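Let us go through a structure by question and answer, one feature at a time. How does one read a backbone and its helix contacts?

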Amino acid sequence: MNSVTVRVPAKVNLQLAVGPLRDDGFHDLVNVFHAVSIFDEVTATARTGMSVRVEGDSADQVPEDDDNLAVQAALALAGHAGRSYGVSLVIRKSIPVAGGMAGGSADAAAALVACNELWGLGLPPDDLLEIAADLGSDVPFALLGGTAVGTGRGERLTSLEVGGTLHWVFALADGGLSTARVYAECDRTREATGEQIAWPRASDPLLAALREGDAKALGAELVNDLQPAALALRPSLARTLEAGRERGALGALVSGSGPTCAFLAESEAHAEELALSLGAAGVARDVITAHGPVPGPTVV
């Protein structure tokens, strides 16, 4: 086999509860991840050495060297196998770059799956998840897909049952937001206000709404502790969120560290109507629809 192509989905955070800052610089999280039908593709081709090329939307904003998380994933996999492998990676972007939808983590997960197949390693999912956890907090879920609650830094995962298909509209912003900068703003605001931070826990009403496939109930429970920080850094997002609510979204929130805004719709038809209305309102660079949950990385 000379090349392997893997398709991998984006994620939206249905709940992101951020605990106090830990001594290691991370936060304890409760993170309800949900994979949606916006996909990147990663093609791994056998060659000497490591290289990466990025194509598609905002490709010029993605590093094409060892700073690329997909390259780091391939190197980590080779190291785990105790071999010196080479690979050429081509990443085709559709997931927003620095948009709070884990595009970089998704590409890393896809690279793990593609190189595991390309190199004939046959490593089981648990081994790949172990490598993924060392690469970044969102990479394990990107490898798992579906819907799951993550604890710790987000890397300890428990899959969740979802009682149906959820329909989404995503409003994409100009430019990205640095995850580190958003967390730093969250910490700064909490320290300045003296806010007492409770230990994070999953929302029982949100989990029940997922099990029952009750989109209306779920929309009322969507929450993101990073949203105030994202709005402070990008005030225009408040207007985008309000525009979605005014146009009938069941729920609205900033996805992850932003700046992508996510809107839950009643149905596929409602999502299409909402997307058209938001596009006409001029509150986003682009507006796209998607559904979830969807599986994790898939060889195509």
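**Reading the backbone and a helix pair**

Q: At what relative accessibility does alanine 98 stand, and how does alanine 98 count?

A: Buried means under 20% relative accessible area, exposed over 50%, and partly exposed in between, for a 1.4 Å probe and protein chains only. With 40% relative accessibility, alanine 98 counts as partly exposed. This is a predicted model, in which local features need pLDDT of at least 70 and side-chain atom pairs count only at pLDDT 80 or more, while totals for chains, interfaces and linings use all residues. Residues are numbered from 1 along each chain as its sequence is written, and side-chain values use heavy atoms, leaving out hydrogens and water.

Q: What is the phi of alanine 98, and where does alanine 98 lie?

A: Although alanine 98 is not a glycine, its phi is positive, at about 50 degrees. Its place is the loop between strand S4 (87-93) and H2, where helices (H or I, at least four residues) and strands (E, at least two) are DSSP runs numbered from the N terminus.

Q: Is serine 58 buried or exposed, and what is its phi?

A: Serine 58 counts as buried because its relative accessibility is 18%. Here too the residue is not a glycine, yet serine 58 has a positive phi of about 60 degrees, and serine 58 sits in the loop between strand S3 (50-56) and H1.

Q: At what angle do H1 and H2 pack, and how far apart are their axes?

A: Axes are lines fitted to C-alpha atoms, for helices over the stretch in contact, and angles run from 0 to 180 degrees between N-to-C directions. H1 and H2 pack at about 35 degrees, and their axes are 8 Å apart.

Q: Which residues make the contact of H1 with H2?

A: Contact means heavy atoms within 4.5 Å. H1 contributes Leu69, Ala70, Ala73, Ala74 and Leu77, whereas H2 contributes Gly104, Ser105, Asp107, Ala108, Ala111, Leu112, Cys115 and Asn116.

Q: How many residues of each class does that contact have?

A: The contact of H1 with H2 has nine nonpolar, three polar and one charged residues, where Ala, Val, Leu, Ile, Met, Phe, Trp, Tyr, Cys and Pro count as nonpolar, Asp, Glu, Lys and Arg as charged, and the others, Gly among them, as polar.
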